[in-house]
Structures are given as structure tokens and as C-alpha cells.
Amino acid sequence: MNATEAALAETELEAERDEAARVAHEYRLAKNKRERRSRLFKHIFLIIFSFIMLYPLLWLLASSLKPENEIFGSLGLWPSTFNWSNYTEGWEALPVSFTVFYRNSTIVTVLCVLGNLFSCSFAAYAFARLEFTGKRLFFGLMMMTLMIPYHVVLIPQYVMFLKLGWVDTYLPLIVPRFLASDGFFIFLMVQFFRQIPRELDEAAQIDGCSAFKIYWAVILPLSLPALATSAIFSMIWVWEDFLAPLIYLNDIKNYTVPLALRLFIDQEGQSAFGQMFAMSVLSLVPVVIFFVAFQKLIVRGIATSGMK
Amino acid sequence: MAELKLRKVGKSYGTLSVMHDLNLEIHDGEFLVLVGPSGCGKSTLLRMIAGLEEITDGTIAINGKVVNDLPASRRELSMVFQSYALYPHMSVRKNLAFGLQNLKMDRAEIDRRVDEAARILQIEPLLARKPRQLSGGQKQRVAIGRSIVREPQLFLFDEPLSNLDAELRVQMRVELASLYERLKTTMIYVTHDQVEAMTLATRIVVLRAGKIEQVGTPEELYTKPANLFVAGFIGSPKINMFEATVTGSGSQRMLELGDFGAYALPPGLSEAHNRLTVCVRPEAIKPESGAIQTEGRVRLVEYLGSETIVHIDLPSGKTLIFQTHQMERHRVGETVRVGFDPGDQHLFDADGQRISTEEALFA
Amino acid sequence: MKNTKARNASGYMFLTPWLIGFFLLAIGPILVSLYLSFTRYDMVGDPRWTGLDNYIYMFTRDRRFWKTLEVTFHYVVFAVPLRLIMALGVAMLLDKGLRTIGLYRAIFYLPSLLGASIAIAILWRQLFSIDGVVNQVLAVFGIQGVGWITNPQTSIYTLIVLAIWQFGAPMLIFLAGLRGIPKDLYEAADIDGTSRLRKFYAITLPMLAPVVFFNLVLQIIEAFKIFSPAFIISNGTGGPADSLLVYTVYLFNEAFKFFRMGYASALAWVLLVIIGLFTAIAFATSKYWVHYENERD
């Protein structure tokens, strides 16, 4: 065809292209609008759902500040007046001040966390890095202990501690942690240690390091995430532990915070709701703080423990 | 049958534009290979054709129908993924049948197609096995089988051989080529390996940073690369590139080529050019022959059996690679004289674009 | 020869704390517990051998035993599946690449973290009391609320709701599992025109099966061991007409309220056997519906 025909064909083609482009563009706009709308619905749903999920906690907080008669009166979350006295009076409401209880809980928690980190990392190092006869067997046994309910060993342990005269002290709570009683952390750390390249160990070995040196200078520093995760979970579980302190601690002066709360229900349970809630809120504060601060670690810890 | 028209296709992620104003026509029954370095957009383009990625701008039309708003399953195509994407918990037979079940095809027809595909790909004995029991090559064949059973009008391949070891890759390449011969359906194939491109394609599209550098048959790309990028990308070992300047004036103009000295300019070269790049393929450079010569010291000899690749250092410090089938062995350190004929040179202007020359004038 | 000895030495050196703990706090007590289950022991004198008496009484004459099994099973059968379904559902909702996923993930996980605490148990008791929040909300919809905790028919459901509220932990595990499913499986399904429903039960569920299995076993074991909420909400009694008498509370009371240590030990062993049986069944059936991906190319 000649030049004119070619040019005509070209313009026709161009027009056809542009029309198609316009149609496609319009479709795209409509699709984006649809997607944005469904995303909006999803967000609205999630926000409402989140509110429902958090409502109990918000209610607790609000009720700790409301005057007594308002607590069960309305669903509203905003107190008409802020009764900070629930906190100050509640703190001293029991024969022993909550200062003592918090001190006790802190001591127990800190020592237990240290014990867990120390003993579990030792065991994990042995399982993950060292060779010795019976390793497979012991590892299998360790994994099996994860499945054993505490209640099976509870009674004999109690009898043993009773005979040792350790009842009403913190020893039955703390000493087991120094003996790696919580297999879950051993498991967590083993998974983590296994990911550290063996070449680092081998290089250190060639440099003449002993097993302990390798543990201390190579493995531990590289395992801070696993250690931190273990510390955090350990801290939260020990802080909230109820059964063991319930069994072993008799003297109110030795009570940890959960026991103190339970005492609160018994003594004030039907009257001073506001104070009870206030003390409950305070007992949750350390956990929430740790959670908010170490959220990423916690989330990752759970996820990796699930993916064997 | 399937022919595609891509018009002013663009792709952006938010404000980042990775492709803009791309135009391409794909003819029915051809084996078109999209090739280019990683990040050039070849996979993105394929996925836009497939319907797995949004087409930000422009249109893609299959057989005259614009498919921008058509979901992947309605475009009558099928795709072979780099990682095979086989359903690990289903047997091979179930993997092959899965897509057909969605189409509510009747049982007998599904079985017929599955058996046929299994026969073509020689995977009949594997039908009852699970993917984890298969080797890489077998998995790839199942993936191809899955795309065959749909009897699509268009096949898409996203770097299907990249996960295979070298030997297997060669074998599968041959099988893919024979599959194409048999089915003669339009195939669009993405790879970063120019050898795959050259051996499989009826036409090749070289992409870089979202732009088409050249479209053509393997011969066209090899003998008439449109720019420096294509010249360097296609062909292994890589083409030799030398900077040159035009000296003199009028009919006395010469091409000053560094180590090679000066020689007559091809006639018909416009006055506008005075800085050029001269490219010569390694196999066009021969020892002790050629009109345009230079001398250098052998730095490295790669003996491949059927041929030898020799790297020599030129006086200016640049490296020249030449390829020879001759039996004599060059030794490292020895001086050798090499040369090429003007007919074998490719000239590129200061912007890297090909300058066509009247090759007929040179023997 | 010497090398093995040296290696063993350091291996055992690191293992010592755990070894001591294992024998003193695990194996030893388990065996002692078994022994005690055949005795009568009230902490005052020495254990007195009674043979199978404890077990015979437990299975033939102890009505509370059967009641506590019923209550506990009731709890497990409702709490675990509902919680997992919730966890999976929300995980799938969140998995669609939301930007604010971190925030929602944290919000939904928080109850899990706080759930075992006494504070939450206290809270829960008040939420479900006759004039508590739950009844107030129902009143808004015109539904007459009941005394959830004081009514033996409904009290266990307060615990079940508490368990479901804590879906955050299994949700996190499911989220990680969902992320592990290769995207191109869904893309291949898209090209084949697979409906969303089919994609879910032909791809998502089977690929998640190992994770579901793991979660299921873990959750069942945890559910059998529930203690604090039941204890606090029922004030240590096991609730109206023993409707909150979960197994561990029954065990605890037998041991530390009535000092029937021998019987409590027997109860503990039965619990161990029940949990063991469930786990064994789960593992045995897992072959049929759990497929582990073996990436050997």
C-alpha cells in the first residue's frame, strides 16, 4: 500500500488503541473503588472486633476507677469521677501491704528467670552442640517431659519439699528452675542454637577454646533473641503462676501477687469491687508493659515454636 | 490459536514505574522468548499477560479482545512456574486433573486428557506418586503436563528450567522444543539464559529495565544487534567492544581503533559520527589473519575440546577474546597476532545504537 | 578412646542441672506418684498399701470422679475446636497483607497472655455475674440474662468463652503457617479458575495440616490442665453442683483440702493416661490427614 493508505491505517490503529486504553482505564478505576470499599469493610469489622476483644480489659480498668455504685450500673466505659482511692486504699486493704506482695513476686520472678536462662541454656547447648553417649535418649526423654502434666509430679514433689522443710519458702518455686524443669525453653533454645553455623564452633575449637568458652563467648552472644524470648515468657508465666505458690506458701507475708488477689476476693470480695479491680489491674501492668515492649520477640517466639 | 497485541503497557508500584509505553505484537503459533537481566521486567510482563499482576497502564489484547479485566482463568492460557507449583499433598494424576475439575468437565474427558498428557511427557508410571517422590525433572514434566491438559490457546513459561541442574536443563530444552513442534501453539517463555532464548525461540524480545531493546529472530539478534546492550547480551563468549574515533575529513576519513591502528571507514557513513564503538564477535577474530590486525600477549586459555577461547592483553591494557577451532595450543605469555575483516565488524554510534553499513561492499 | 571420654565429660557437665532435675523432679516423682496411687496417705503417718482400692473406688463408687470427667470433657470438646476455628478464621483474615497487621495481631494476642492470671479470672466472674456486663449487653437486645455462674447448666460456658477469648496464641501459629504456604500454589489455582472455597480446602487446609495437628494436640493437653479460672470462679469449690469441677480442681481438693494424697495420686495417673491416650490417638491418625512436605530436590 502507498504512503497515504499506510498513514490512514496507522491513525485508525492509533484510535483503536486509545479506545481500548480508555475502556481498560475505566475498568481499572471501578475495580479500585470496589477493592477500596471491601478493604474498608474489613477494617471496620476488625476495629469493631478488636473493641469487643478488648472490652473486658477496658471494663476492668474503667471499673477500677468508678465509684462503687456505678460499676454494675452501666456499660459505659468512662467513669463519672476518677476514684483513684481504689488504688491507694486497695493497696493497703489487706493485712499486709501490696508492697510486700510485689516485692515477693519480683524476687521470685527474677530468680526463676535467671535460673531458667542458666540451666536451660546449658542443657540446650549440650543437646544442640555436644556429643555424648545417650544424647538421643535423653533428648527424647526431655521432649516427653513436656507432655507430662504438672499434677502427676505435684504431690510427690510436695512431700519431698515438706520433708526438706522447704514449705512456706520460695525454694520449691525457684530451685526447680535452676534444674531446667521447664523443658519448653530447652526446646526453644535448641531450635535456635541449631541455626548457628557450626563453623563458628569449629573455628573457636581450632583456636583452642574449651566447650564452656565456646558456650560463653560464641553461642550465648549469638542467641540473644532466643534468650530474650525465654526470659520474657518465663517472666510472664512465673509472675502469673498460681498453683505452685498456692500449695507452697502459707504465711501471708510470703504471698505472691496472685495469691494476694485471691485473698482479696475472700476477704473483700463481695463489697469492695472497685478496690479489687484496681489491684487486679495493677497485677496485670507488668505483664502488659513487657508485652508492649517486647512484642516482636514474643510473636516470633510463638511462631517459631510452632514450626517444628 | 492466539495472537497478542500489547499496547502502551505500563506497570507501576505506587509511584515507582518499572515499565512504560511497551508495545509488542505476538503472532499466532510463534515461540516468543522474553529475555534479559534480572529485574528487567520480563517476569512482570508475563504475569500481566497471565492475569496474575495488575496492568497499570495500556492494554493487552488476546485475539482482539482486551483482557485487562479478565481473570486469569478466563484467558484460556496456562502457565508453568519456575518452582513447578505442584500441590504437594495430591498425587500426580490429581495434580493434572485439578484444573479440569474446576471446569466441571466430565470424568471420562478428564481421564482422557490426563492420560494423553502423561503419554506425551512420558510420565505415565508416575501418575500415582506424590510430588515429593519425584525428581526435579519429573516435577517439571508434571508441571508442563498440567498446562497441557487445559488445551489452552497460549502457553506461558516463567523460567521453568532455572531450578534444574545443567545436564537436565539441556535435556528439558530439547523436550520443550519437540513439544512445541508437536503442539504448534503460541508460547511465551521467560528466561535470563540467552542460550535457552537462542535455541528455543522463533523470535526473541530483549528487555532491559522495562524497555524493549530489540525484537527479532535469533539470527537477526545475533548478526544485527540493534544496540550495544543486545550485542553484549546475546552471544557467548561476550562480543569484543572497542572505542574508536573518526579522524581526518572528507574522503580521507579513517577509523582510528586504538590497538588496531587506523583503517578505512566504511563508505556511506554519515559525517555526524566521530565517536564509535566497534564490536567484533570472538569467532570472527582469527590468529595470523584478517585485514585489521593487532598483537597481544596471551593471558588465559580456556580449552573446551571442540574449541578454544583465548584471552589476550592488548598493548592498551584492554582484553580481547577470540575463539578458534584450530588445533594449535596457545600458551600463556606468548605473543600472538590476531585480526578480523571489516565485514565482521558491528558499528555503534556514540549513543550505542547500531549504524547500518553497506556490508555488500566488503568481501 | 580418650576423646570420647573427654567429650562425654563436657557433655554431661552441661547436662548436669537438667539431669538432676530430671531424676529428682520428673522421673522420681512420677514413679513415687505411681506408688502412692496404690496407698492411703494423709501426710500424718506413712503411706499404707491398699492395692487397687483407690482405682476401684474411683471407677465404681466415686460419682464425683465421673462428674469431673464429664465436666472436663465437656470443656475440652467445646473450648478447643471453637478456639482453633476462631484462631484460623482470624489468621486468614489478617493474612491478606494488611499494613496494620502488627497492631491487630498484638490486640488479639493480649488476652492469651493475660488469660491465665488471677486478675482475669476475677474479672470474668464479675462479667458473668447476675448484674454483670454480659447480662447488661443482653438486656440491650431484650434478652433476659441468667446467673451464668450460679446456674449449673451454664457455668461451664463461662470457662469456654474465656478459652475462646484467648484464641490469640494459636492464631499466631496459624499466621506463621499460612505464611509458609508458597504463593504460586494459589496462583496456579487462579489460572485454573479455582473458587475461593475450593482453594481453602484443597490447598490451605492440607498445607496447614501439620500446623493444625500440632496446635490441636497442644491445645487439648492444655485444656485438660485448666485450673486457675475454674478455681477462682468457683471459689475453690468446683462450682454449683460441681458444674465447674474440672479435673485439676478435683485433684487439688483431694490432695490439699482433704489430704487424701494416695487417691489424688491415683487421679493424677489417670489424668496422665487420658492425656497420653489422646496424644497417641492424634499421632496415630495423623498419618491419614497430615502430609509433611519433604523438600528434596
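Me: How are strands and their pairing assigned here, and which order do the four strands of the open sheet in chain B have?

Reply: Two strands pair if DSSP finds at least two bridges between them, and helices (H or I, at least four residues) and strands (E, at least two) are DSSP runs numbered from the N terminus. This is a predicted model, in which local features need pLDDT of at least 70 and side-chain atom pairs count only at pLDDT 80 or more, while totals for chains, interfaces and linings use all residues. Residues are numbered from 1 along each chain as its sequence is written, chains are lettered from A and ligands numbered from 1 in the order in which they are written, and side-chain values use heavy atoms, with hydrogens and water left out. In chain B the order is S2-S1-S4-S5, with antiparallel pairing. Strand S2 (16-26) and strand S5 (65-66) of chain B stand at the edges, each with a single partner strand, so one side of each has no neighbour in the sheet.

Me: How many bridges join S4 to S5 in chain B?

Reply: Strand S4 (residues 57-62) of chain B is joined to S5(B) by two bridges, the strands running antiparallel, and B:Ala61 stands opposite B:Val66 in S5(B).

Me: Is B:Pro37 buried, exposed or partly exposed, and what does B:Pro37 contact?

Reply: Buried means under 20% relative accessible area, exposed over 50%, and partly exposed in between (1.4 Å probe, protein chains only). B:Pro37, in the loop between strand S3 (31-35) and H1 of chain B, is partly exposed at 29%. Leaving aside neighbours within four places in sequence, B:Pro37 is in contact (heavy atoms within 4.5 Å) with B:Lys42, B:Leu207, B:Phe229 and B:Phe233.
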